[in-house]
Amino acid sequence: MVTPPVTSADVYAARDLLDGVVRTTPVAGARALSDLVGAPVRLKCENLQRTGSFKIRGAYTRIARLTAQERARGVLAASAGNHAQGVALAARLLGVRATVFMPERAALPKVDATRGYGAEVVLTGRSVDEAVGAAAEAAERSGSVLVHPFDHPDIIAGQGTVGCEILEQVPDVATVLVSAGGGGLLGGIAAVLREHRPEVRIVGVQAAGAAAWPPSLAAGRPVALDGMRTMADGIAVGRPGDVTYPQVAGLIDELVTVGEDALAGALVHCLERAKLVVEPAGAAPVAALLEHPDRFTGPVVAVLSGGNVDPLVLLQVIRNGLVASSRYLTLRVQVPDRPGALAELLARVGSLGANVTDVAHSRISGALPVGEVDVELSLETRGPEHRDTIVAGLRAAGYAVTAPS
């Protein structure tokens with residue numbers, strides 16, 4: 001039997017340590033999700049935590065428990081952003097020097113925020129795993145303490161204080177959905193829920209393109225992925241930790257995965273319906289609810305683990321989310337190469353109720369018949385039925401239309 005290394009008592013001890021340091025984040029209602037699920041859904045808003053994510057909880061707990069000698073040598077960390085900011089702020093609050101290794105392509109707002117909290121930032125490697133390796137080598141050379149993003153009992157205990165708040169804010173909770181990367185947040189929350197409300201269903205959610213937990217749980221040990229590809233960089237972890245593995249494996253009920261379209265759709269849903277800025281990793285529990293509304297018993301709490309998202313990424317994800325929900329459509333239409341033909345096409349599109357956001361006009365496609373022009377239209381629509389009406393209407397008017405399947 002797998003024995004979790006962190007207990008509920010450990011988490012509550014961390015909560016005492018964090019009193020006055022972290023915010024008790026609000027729980028927001030989610031009417032649209034509640035209607036979809038058929039039961040109350042609440043959003044635990046860790047995206048409104050200090051530094052924009054739950055990471056300050058574990059980082060502060062870990063650094064606060066270092067000896068005076070360890071603090072004097074400073075701390076090191078590696079992260080794509082959220083853990084970096086958590087470590088930087090925790091170190092500043094505790095008067096400890098911090099150096100954070102971040103991937104070379106880390107989002108600039110996260111890099112700037114980490115520096116703003118007082119940490120030295122070293123950009124290295126193409127991934128978080130490479131940054132972690134560089135930080136570990138630096139720790140061996142300098143004697144500084146490496147504050148791991150998830151794989152330490154103090155980190156798990158600190159992150160688990162989210163679970164203490166959930167029990168107080170939603171005492172009748174039946175299901176809790178938590179994003180799963182390395183497993184620190186999921187394992188910590190599970191420690192509290194499993195002891196105090198053992199009937200609560202604890203569900204981890206991973207991005208399908210970076211899902212190391214399903215094969216690891218099947219194998220009975222941490223298994224490394226060959227590669228990862230997901231917009232949810234906050235939970236893109238290629239291998240569960242040696243400490244978090246028994247914590248998660250011994251306590252959770254289920255782990256589900258969600259695709260990129262679902263993540264994008266969840267982010268758009270949080271923006272439009274909940275008025276909350278959430279990063280893709282933080283929106284994963286909402287994606288699971290949108291994909292599987294009949295799968296979870298309510299009341300449901302979905303933990304929004306973070307809200308630190310690069311504005312440029314946000315623009316792209318919003319567009320992907322609109323495409324996934326058939327509210328943004330790109331069509332290729334062939335029209336006669338004669339004056340007024342484009343105006344006629346646009347008038348037809350307008351009569352079908354679509355809003356044209358972009359037009360690209362080309363005469364040089366090799367596949368075009370002589371005397372024809374290729375027009376690419378970007379349209380705003382009202383959803384799947386409206387999309388189908390537009391395509392059918394254009395074809396009925398005699399246009400050759402290529403639409404996404």
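Strand β3 (residues 75-78) and β6 pair in the parallel sense over two bridges, where pairing requires that DSSP find at least two bridges between two strands. The model is predicted: local features need pLDDT of at least 70, side-chain atom pairs count only at pLDDT 80 or more, and totals for chains, interfaces and linings use all residues. Residues are numbered from 1 along each chain as its sequence is written, and side-chain values use heavy atoms, with hydrogens and water left out.

**Sheet**
- L76 stands opposite L146 in β6.
- Four strands, in the order β5-β4-β3-β6, form an open sheet with parallel pairing; strands (E, at least two residues) and helices (H or I, at least four) are DSSP runs, numbered from the N terminus.
- The edges are held by β5 (120-123) and β6 (145-146), each with a single partner strand, so one side of each has no neighbour in the sheet.

**Helix on the sheet**
- Helix α7 (residues 128-142) packs on the sheet and touches β3, β4 (98-102) and β6, contact being heavy atoms within 4.5 Å.
- The direction of α7 makes about 165 degrees with that of β3; axes are lines fitted to C-alpha atoms, for helices over the stretch in contact, and angles run from 0 to 180 degrees between N-to-C directions.

**Cysteines**
- The structure holds zero disulfides, a disulfide being a pair of cysteine sulfur atoms within 2.5 Å.
- C45 is in no disulfide, and the nearest cysteine sulfur, that of C270, is 8.7 Å away.
- C270 is likewise in no disulfide, with the sulfur of C45 as its nearest cysteine sulfur.
- C45 is buried at a relative accessible area of 2%, and C270 is buried at 1%; buried means under 20% relative accessible area, exposed over 50% and partly exposed in between (1.4 Å probe, protein chains only).
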